[in-house]
Amino acid sequence: MIFLRSLLQLAVLLVQGSWRGVAPSPTDEGALRASHGDHGEPGHKEPHKDSYSTFASEFLESRHLSDDGYPFPTAPPVDPFARIKVVDCGVTKGCIRYGKPGCDAETCDYFMSYRRIGTDVEYEMSADTDGWVAVGFSSDKKMGGDDVMGCVHDDNGRVRIHHFYNVGQWAKEIKRNPARDEEGVFDNNRVTCRFKRPLYVPREETLVDLHLSWFYLLAWGPAIQGSITRHDNDAPPVSDHMISIYKYEDIFMPSTAYQTFSSPFCLLLIVALTFYLLMGTP
């Protein structure tokens, strides 16, 4: 028994000595370093090579950033408002011009166009003002009880589309706004806008059915803090006949300065002078 016990102890000592003489392999050393760190401290780990800081430095080194420090090239500026094409007037859209003969959307005192797009009507408006421009749909050529769409230039430089309802000479803003796809710009001392409105809406007092024909009331004027004030003309221009969105017309209405020989007063004056010249002096 004593001999067997001594032999077993000798075998254990030989095994321990053989383990001490084996050098750790590179794999074992890496594993040991990963688990204990470079300084043999348990729990200390090398930062992962795919960390965010490493990615950021590699990203900068690869010169993905521009010289100005922006991560991607700046997109070229986009025109915020496509110019109104007057060559389409009377062809693919209807237009109403008010101003000097031959004026267009950028030179008329007031310009408006309309065209059907599916179940919508697209309107474009422009006027020589820094405030607002609007169109009203009337059944009698008079202000009062009219559905009005207006584009208003606010103090922040934006042009917003609003819905109004005429109560006599006063325009009341209506919260329900049928406009969509709104665009607007203030440039060259002009308010210009474009928007769509459904052809048909459930009939109510403040909204008209655009399938029907209406007199178009044309108005523009100043605004104070984004709110409209009285229009520039004492008697805003109005179309001389009802406008149908199914008929594309190109209507020109001369402004007051170009109505010299067409106003009733001037015609009466011409008749009086002619009569005086023909009759002679007594």
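Is C193 buried or exposed? At 0% relative accessibility, C193 counts as buried (buried means under 20% relative accessible area, exposed over 50%, partly exposed in between, with a 1.4 Å probe and protein chains only). The model is predicted, so that local features need pLDDT of at least 70 and side-chain atom pairs count only at pLDDT 80 or more, while totals for chains, interfaces and linings use all residues. Residues are numbered from 1 along each chain as its sequence is written, and side-chain values use heavy atoms, with hydrogens and water left out.

The structure contains 3 disulfides (a disulfide is a pair of cysteine sulfur atoms within 2.5 Å). With bonded cysteines counted along the chain, the pattern is 1-2, 3-4, 5-6.

C193 pairs with C151, the sulfur atoms lying 1.9 Å apart. This pair links distant parts of the chain: C151 sits in strand β5 (residues 147-153) and C193 in strand β9 (residues 190-198), 42 residues apart. Strands are DSSP runs (E, at least two residues), numbered from the N terminus. The S-S torsion of C151 and C193 is about 70 degrees, so the disulfide is right-handed. C151 is buried, at 0% relative accessible area.

C103 and C108 are also bonded, with 1.9 Å between their sulfur atoms. Their S-S torsion is about 85 degrees, so this disulfide is right-handed. C103 is buried at 1%. C108 is buried at 0%.

C89 and C95 form a disulfide with a sulfur separation of 2.0 Å. Here the torsion is about -80 degrees, so the disulfide is left-handed. C89 is buried at 8% relative accessibility, and C95 is buried at 0%.

Note on methods
Helices (H or I, at least four residues) and strands (E, at least two) are DSSP runs, numbered from the N terminus.
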